[in-house]
Each structure stands twice: as structure tokens, then as C-alpha cells.
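Trainee: I am new to this structure. Could we go through the terms used for it and what each one rests on?

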Amino acid sequence: MADYETHEHDVLVIGAGGAGLRAAIEASAAGVRVGLVCKSLLGKAHTVMAEGGIAAALANVDERDNWKVHFADTMRGGQYVNQWRMAELHAKEAPDRVRELEKWGAVFDRTEDGRILQRNFGGHKYPRLAHVGDRTGLEMIRTLQDHGIHQGIDVHMEHTILSILKDGDRAVGASWSLSNFIRPEWSGRQVCREFW
Ligand SMILES: Cc1cc2nc3c(=O)[nH]c(=O)nc-3n(C[C@H](O)[C@H](O)[C@H](O)COP(=O)(O)OP(=O)(O)OC[C@H]3O[C@@H](n4cnc5c(N)ncnc54)[C@H](O)[C@@H]3O)c2cc1C
């Protein structure tokens, strides 16, 4: 008998931060069987630490804001070496993603007339960051997790992906180990490098 388990999914998403969770939700909405793998517990990702907020040109606080200004700010902030098409998509779609989070249950801070409040942040020309106090990432991941779980996404926590399995150029799977079973080994040279 094989001493390993096999899980079968139509789509396997590696990583359960904001990006992975949102990708898994989208795949699941298309009606396929989705597996979501994270090396730690669900919710323990960098996304949960985001404090400033989500940049999106909603123009709720300054009506001069729009996706083109957001795009220009992003390209300038990246010293113009960013992938411009990704920056364009991000600037155009961010407002819809924020409204979507709200529809799925995220409770953002509000302006006096009840719209999503936005604040200034480095590199952004106008107040642009939709936020929830200083815990925006927590609200974002809580919302995505709740939504994803109720869509029937199959979550594999504390599984670390070790390698991508390929058939020619096509990725067809991934090998994993229970995170607790990974024993890092350091040579003296590598340990010294930590201090350089
Ligand atoms: C302190 C802090 C504050 C920040 N503030 C802001 C902010 O205010 N606004 C903003 O826009 N951005 C902010 N950022 C940046 C933002 O949080 C990240 O860019 C964003 O969360 C990245 O999301 P992600 O889904 O790509 O990755 P992550 O949230 O890092 O998720 C990565 C996922 O991959 C999994 N994973 C990794 N390797 C493996 C493996 N081998 N096998 C299985 N699973 C694996 C992890 O377990 C995790 O689930 C901040 C970041 C930090 C650290």
C-alpha cells in the first residue's frame, strides 16, 4: 500500500492569503471541485497583517480620483518597471473588489454620509485606502474565508507544497508534506549567511 495520500481536485490553489482565497472562490463559482492548500492554519497569511487598507479609486472622499490616477501612482511607485498591464487591471478592478467584499459581509469604516471611508497613504495622490480601523487585512481574510467555506472549497491546512508535478509543460498536481514533518537542515555556512 502506498505510504502517501492522494487528493483529487479539478483546480488546486496553493496559498490561502487574499490572492489564493479569491482565486479559489472564482474557480469554485465556475462549478469545479477546488482544493486550497496552505502551509499554516487558514487565516495565517501576510494578508491578515495589512493595516493601512485596500487601495481602490472609489472617489468617495475626493471626487478627482479615478483608475487612471491610481494607475499612474502605481507605475510611478514601481519606478516604471512594473508590469503595466497588471497595474492597469489592478487600478480598474480594485473598486469592484472592495464593493464585492462589502457585499460578502466586510464592514468598512464609513464617511459621515455612509459611504466607504478612504484615507491617505504613501504614494497615493488622493485619499484612496478603504479600511477597517487598523485591521483591514483581518476583515478581508475573515470575509473571504467565510465566503469560500460556504462555497464548498476543500481546504488542506498545514500542508506544505514541496514541488509542482508536471506533464510536459503543463502543471498537473503538486506534492506536499504535513508542515510539522518538515525538518530544516542548515549547514554552518548557511547559518552564517543569516548574519551577513
Ligand atoms: C505588516 C504588513 C502590513 C501590510 N499592509 C498592507 C496594506 O495596508 N495594504 C496593502 O495593500 N498591502 C499591505 N501589505 C502587503 C499585503 O499584505 C500583501 O501584499 C498581500 O497580503 C499578499 O497576499 P497573498 O495572498 O499574495 O500572500 P499571503 O497573504 O502572504 O499568502 C500566502 C499564502 O501562501 C501559503 N504558502 C506559501 N508557501 C507555501 C507552500 N510551499 N505550501 C503551501 N502553502 C504555502 C501561505 O501559507 C499563505 O496561505 C502588508 C504586509 C505586511 C506584512
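This is a predicted model: local features need pLDDT of at least 70, side-chain atom pairs count only at pLDDT 80 or more; totals for chains, interfaces and linings use all residues.

Trainee: What makes strand 1 and strand 2 a pair?

Mentor: A pair needs at least two bridges. Four bridges join strand 1 (residues 11–14) to strand 2 (residues 34–37), so the two count as paired, and they run parallel. From strand 1 the chain passes through helix 1 (residues 18–29) to strand 2, a β-α-β crossover that is right-handed.

Trainee: How do you know that strand 2 and strand 6 are paired?

Mentor: By the cut-off of at least two bridges. Three bridges join strand 2 to strand 6, so they pair as well, again in parallel. Gly-35 has Asp-154 in strand 6 as its bridge partner.

Trainee: Why are strand 1 and strand 6 said to stand at the edges?

Mentor: The open sheet has three strands in the order 1-2-6. Strand 1 and strand 6 (154–156) each have a single partner strand, so one side of each has no neighbour in the sheet. From one strand to the next, the twist averages 20°.

Trainee: Which residues come nearest to the ligand?

Mentor: Of the 22 residues around the ligand, these are Gly-15, Gly-17, Ala-45, His-46 and Gly-52. Helix 1 and strand 7 (159–167) are the elements giving two or more residues to this shell. The largest share, three residues, comes from helix 1.

Trainee: How do the residues of the shell divide by kind?

Mentor: Nine are nonpolar, eleven polar and two charged.

Notes
Residues are numbered from 1 along each chain as its sequence is written. A crossover is right-handed if, with the strands pointing away from the viewer, the path from the first strand over the helix to the second runs clockwise. Axes are lines fitted to C-alpha atoms, for helices over the stretch in contact, and angles run from 0 to 180 degrees between N-to-C directions. A residue is near a molecule or strand if its C-beta atom, placed from the backbone, lies within 6 Å of it. Ala, Val, Leu, Ile, Met, Phe, Trp, Tyr, Cys and Pro count as nonpolar, Asp, Glu, Lys and Arg as charged, and the others, Gly among them, as polar.
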